[in-house]
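Here is a short report on one structure. Keep the view open while reading.

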Amino acid sequence: MRVLLVEDDKALADGLTRTLRQSGYAVDHAPTGELALRGASEEHFDLIVLDLGLPGMDGFEVLSRLRADPKTGGIMILTARDSEADRVKGLDLGADDYVTKPFSLPEFEARVRALIRRSQAVHSPVLQFGRLTIHTVSKRAQIDGEDVELTPREWGVLEYLLLRAGQVVSKEQMLQALCGWDASLTHNTIEVYVSRLRAKLQKAAIRIRTVRGFGYMVEEPADALAR
Ligand code: CA
């Protein structure tokens, strides 16, 4: 899942970037609204975390321009401005959540997870695919109740594919979702992760189909279709 952090306070941005990356998100950072708008017009983010007090273009202006594009994902305002008038304005301009500084990291992360679930139209934190269960909060996968050992990148690929089960996903879309502007994954690495996942998920009868020249698709498990 891909997050764009729009924040001019470098220390805060670095801290949040580290926290979110540890949780497996691909994070990009834009220190101004102008850069954020440019980034968001070129690539898709599942969530944009937006400061209001930015140098140059104000956060509210950035918010309304982001919302002018119907494809923009979730937006969380993260700001020191805590007046009721600002909260109302932010939500009315299309923010999905409004968090004021200072804030606690665990609550921030829980709100990020909730918004990402909403942006994927997935409301339960636990998803079941045949014999495979995935816990999106603790980032654990289990087959018949037994843990499957996954690296954070393997987890990222699996979650991305499962949330789009039944849809064809290109390697390019997966790369964009899994790494930020500065990372260096290639189509080959995606292939490696997919083949490891196929091996690890064999018992669960999850089939990751290769769609030649394009990408992959997870088929719904056969027993789920038979029911
Ligand atoms: Ca600021």
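In which helix is the place of Thr19? Thr19 sits in helix H1. The model behind this report is predicted.

**Thr19 and its surroundings**

Thr19 has a relative accessibility of 13%. Buried means under 20%, so Thr19 counts as buried. A polar atom of the Thr19 side chain lies 3.0 Å from the backbone oxygen of Gly15. Setting aside residues up to four places away in sequence, Thr19 touches Leu105 and Glu109.

**Ser23 and Glu109**

Glu109 also turns up beside Ser23. The side chains of Ser23 and Glu109 are joined by a polar contact of 2.6 Å. Ser23 belongs to the loop between H1 and strand E2, which covers 26–30. Is Ser23 buried or exposed? Ser23 is buried, because its relative accessible area is 17% and the limit for that class is under 20%. With neighbours within four places in sequence left aside, Ser23 is in contact with Glu109 and Lys139.

**Charges over rings**

Another charge over a ring involves Arg164. The charged end of Arg164 sits over the ring of Tyr160, at 3.6 Å from its centre.

**The calcium site**

Which residues coordinate the calcium ion? The donors are Asp8 (OD), Asp51 (OD) and Gly53 (O), at 2.2 to 2.4 Å. Along the sequence, the donor residues are spaced D-x42-D-x1-G. Asp51 is buried at 4% relative accessible area. Gly53, at 37%, is partly exposed.

**Asp9**

Asp9 lies in the loop between strand E1 (2–6) and helix H1 (10–22). Its relative accessibility is 38%. The Asp9 side chain reaches the backbone nitrogen of Ala11 at 3.1 Å. Asp9 and Leu54 are 45 residues apart along the chain, and their C-alpha atoms are separated by 8.9 Å.

**The aromatic pair**

How many aromatic pairs does a search of the whole structure find? The search finds one. The pair is formed by Phe103 and Phe108, with ring centres 5.5 Å apart and planes at 45 degrees. Why is the pair called tilted? Planes under 30 degrees apart count as stacked and those over 60 as edge-to-face, so a pair at 45 degrees is tilted. Phe103 is partly exposed, with a relative accessible area of 23%. Phe108 is buried, with a relative accessible area of 0%.

**Accessibility at a glance**

The table gathers values for residues discussed above.

| Residue | Relative accessible area | Class |
|---|---|---|
| Asp51 | 4% | buried |
| Gly53 | 37% | partly exposed |
| Ser23 | 17% | buried |
| Phe103 | 23% | partly exposed |
| Phe108 | 0% | buried |
| Thr19 | 13% | buried |

**Domains**

Into which domains is the protein chain divided? The chain splits into domain 1 (2–122) and domain 2 (125–219). The C-alpha centres of domain 1 and domain 2 are 26 Å apart. Across the boundary, 17 residues of domain 1 are in contact with 14 residues of domain 2.

How values were computed. Residues numbered from 1 in each chain as written. Predicted model: local features only at pLDDT ≥ 70, side-chain atom pairs only at ≥ 80, totals over all residues. Heavy atoms only, no water. Donors = N, O, S within 2.8 Å, 3.2 Å for Na, K, Ca; no water. Buried < 20%, exposed > 50% of the residue type's maximum accessible area, 1.4 Å probe, protein only. Helix = DSSP H or I, 4+ residues; strand = E, 2+ residues; numbered from the N terminus. Polar contact = N/O pair within 3.5 Å; in protein donor to acceptor, adjacent residues only side chain to side chain. Contact = heavy atoms within 4.5 Å. Phe/Tyr/Trp six-rings, centres within 6.5 Å; stacked < 30°, edge-to-face > 60°. Lys NZ or Arg CZ within 6 Å of the ring centre and 35° of its normal. Domains from an automatic or database assignment.
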